[in-house]
Amino acid sequence: MRIRAAITLTAALVALTACSSPGDDTAPANDSGTPAAEPTVSVPAEHEGDDLKAAVAVYTAAYFAADTDTAYGMLSARCAERTTKDAYAGVVQQAKADYGEDHPATDITAQVSGTLARVAYKVQGLPKFDQQAQPWTLEGDAWKYDAC
């Protein structure tokens, strides 16, 4: 386990070093070492201070708004390994084209056990997207969508 973590950390550091250069205008890193990109979808007021419910609300809004950067950035590491950002962009762009972008998550409830959660919520105007026991995982200090 330690060897895998050391290899992963080393690979990440090499990748970060190789990708940065003087004058590089990418987003600065935050304390966790991940890019500090600004999401284009904000946390709804009713979910301020409620990390998991806010994450669900932001992810759902980003998904239907075809905000690939925000939605893909909210995938768990496991899910991000299963799809490329370009492939995911196609999915969210199709969702926006088919359904429009104004479908917030409502009635969000969650059962949390350690770093795992099962979330239930409704998608306003699209009952076929309502969720029951959708998996989410806590990675670092952020909840990530883990239904892949």
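Colleague: Is Cys148 buried, partly exposed or exposed?

Modeller: In this predicted model, Cys148 has a relative accessibility of 42%. Buried means under 20% and exposed means over 50%, so Cys148 counts as partly exposed.

Colleague: Which residue forms a disulfide with Cys148?

Modeller: A disulfide is a covalent bond between the sulfur atoms of two cysteines. The sulfur atom of Cys148 lies 2.2 Å from that of its partner, and a pair within 2.5 Å is taken as a disulfide. The pair links distant parts of the chain, 69 residues apart, with Cys148 in the segment after strand S4 (142-145) and the partner in helix H4 (residues 77-82). That partner is buried, at a relative accessible area of 2%; the residue is Cys79.

Colleague: What is the handedness of the link of Cys79 and Cys148?

Modeller: The angle about the S-S bond is -90°. The link of Cys79 and Cys148 is left-handed.

Colleague: How far apart are the end C-alpha atoms of helix H5?

Modeller: Helix H5 covers residues 85-99, which is 15 residues. At 1.5 Å a residue, helix H5 should span 21 Å. The model agrees, since the end C-alpha atoms are apart by 21 Å.

Colleague: Within what arc do the buried residues of H5 fall?

Modeller: The buried residues of H5 are Tyr88, Ala89, Val92 and Ala95. Seen down the axis of H5, they line one face of the helix, because they fall within an arc of 125°.

Colleague: Which exposed residues does the face of H5 turned away from its buried side carry?

Modeller: The buried residues of H5 are covered by elements including helix H2 (51-64) and helix H3 (68-73). The face turned away from that buried side carries the exposed residues Asp86 and Ala97.

Key: Residues numbered from 1 in each chain as written. Predicted model: local features only at pLDDT ≥ 70, side-chain atom pairs only at ≥ 80, totals over all residues. Heavy atoms only, no water. Helix = DSSP H or I, 4+ residues; strand = E, 2+ residues; numbered from the N terminus. Expected span 1.5 Å × (residues − 1). Buried < 20%, exposed > 50% of the residue type's maximum accessible area, 1.4 Å probe, protein only. Arc of directions from axis to C-beta. Contact = heavy atoms within 4.5 Å.
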